[in-house]
Amino acid sequence: MTSIPINVAFKAAGFEPSLITIPPPAHDPTLQVTIYALSFKSPTQTPKEPLLLLHGYPQNSVIYRHLGPALAKAGERDIVIADTRGNGQSSAPKARNLSPGEEGEIVHTEEMLRLRYSKREVGRDLVYVMKHLGYDKFSIIGHDRGARVAHRMAADWPDEVVKIMLLDIAPTYDLFERTGPELAFVYWHWFFLPQPYPFPESMILANPSVYLNKLLGAFTTAPKKIFPDDVFDTYLQQLTSPERVHATCEDYRSSGPGGIDLEHDAEDRKAGRKVKQPVRVLWAKTGIIERLFGHDGTLALWRNICESDDVDGRAVDCGHFIPEERPGDVLQDALAFF
């Protein structure tokens, strides 16, 4: 994909872009993944661990165009902002035998491919990104799908992940367990995107602009100016790319009914494995999480799967896209929490 114009703002704040090749896992030795990351080196000598910022759907690292530079200006720590596998300027490996048997192509088993967009494998990418950049320990801010990756990373990599801040999510396992008409109506894409290939891919690619406008408008009442043309265009680029549309559908297939993410969550709960790190949760005051669970209910869901007594949070007076709608609130909480 071509460079995103908004990256000029990141460059002005001192962020440097890089493409990082991820070593393939033993179970998928032919996998090739490169992750696009923006990194900022603090000019101050500080013992504070770096921050990794992860975006949600249907977005990419551009969602942090306000918060990233603001954190850099605070000057307290190094910052990394990454496009997760299948998004933005990172690569989008195939996750299904779309054309099995093509000459020169190794046909993988479906079970192997099924793992490729699991939160566990996406999280593994990001641990390697941080190690490549010189960081053995780090904290995470994650929004939406990125927050679900952050949750899995905290569970799988307790020695590397120090703290996590989660923006506008409740635990995936609990949301499916408690699905009712209101959640299904508001989170319609949760039930559309996991549909069997190639139905959702074909529908999105038929009119990506209408689809993107629906997604952006459905989860916020903020004025459209929070998505200026260059920002909207970079989100739209992803939805005009067949491989990226397929990748994001596979992300939701991994988390949907019968998906590998729910299996990993169920395994953790059965074994009594809980997140050990301090957790801070922010959610939209006008969103479905607040309506369904409220303040105490939302925190109870997270405290149920965390060991630490340090699990707290609040509703922010905005819609779903908290880093774009209220970056100042996230900055304030981040500086206090990390």
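In this predicted model, the salt-bridge count comes to 28.

Take Glu-76 and Lys-48 to start with: their closest N and O atoms sit 3.3 Å apart, in a salt bridge. The partners come from distant parts of the chain, 28 residues apart, with Glu-76 in the loop between helix 2 (67-74) and strand 4 (79-82) and Lys-48 in the loop between strand 2 (33-40) and strand 3 (51-54). Glu-76 is partly exposed, at 27% relative accessibility, and Lys-48 is partly exposed too, at 36%.

Glu-324 and Arg-65 also form a salt bridge, with 2.6 Å between the closest N and O atoms. Glu-324 belongs to helix 15 (residues 322-325) and Arg-65 to the loop between strand 3 and helix 2, so this pair ties together parts that are 259 residues apart in sequence.

Within it, the side chains of Arg-273 and Asp-268 meet at 2.9 Å, N to O. Arg-273 is partly exposed at 49% relative accessibility, whereas Asp-268 is buried at 9%.

Helix 4 (residues 119-132) and helix 5 (residues 145-156) have axes 9 Å apart and cross at about 80°, which makes helix 4 roughly perpendicular to helix 5. The contact residues split into five nonpolar, one polar and six charged. Among them are Arg-120 and Leu-126 from helix 4, and Arg-152, Met-153 and Asp-156 from helix 5.

How values were computed. Residues numbered from 1 in each chain as written. Predicted model: local features only at pLDDT ≥ 70, side-chain atom pairs only at ≥ 80, totals over all residues. Heavy atoms only, no water. Axes fitted to C-alpha atoms, helices over the stretch in contact; angles between N-to-C directions. Helix = DSSP H or I, 4+ residues; strand = E, 2+ residues; numbered from the N terminus. Parallel < 35°, antiparallel > 145°, perpendicular 65-115°, else oblique. Contact = heavy atoms within 4.5 Å. Nonpolar A, V, L, I, M, F, W, Y, C, P; charged D, E, K, R; others polar. Salt bridge = Lys/Arg side-chain N within 4 Å of Asp/Glu carboxyl O. Buried < 20%, exposed > 50% of the residue type's maximum accessible area, 1.4 Å probe, protein only.
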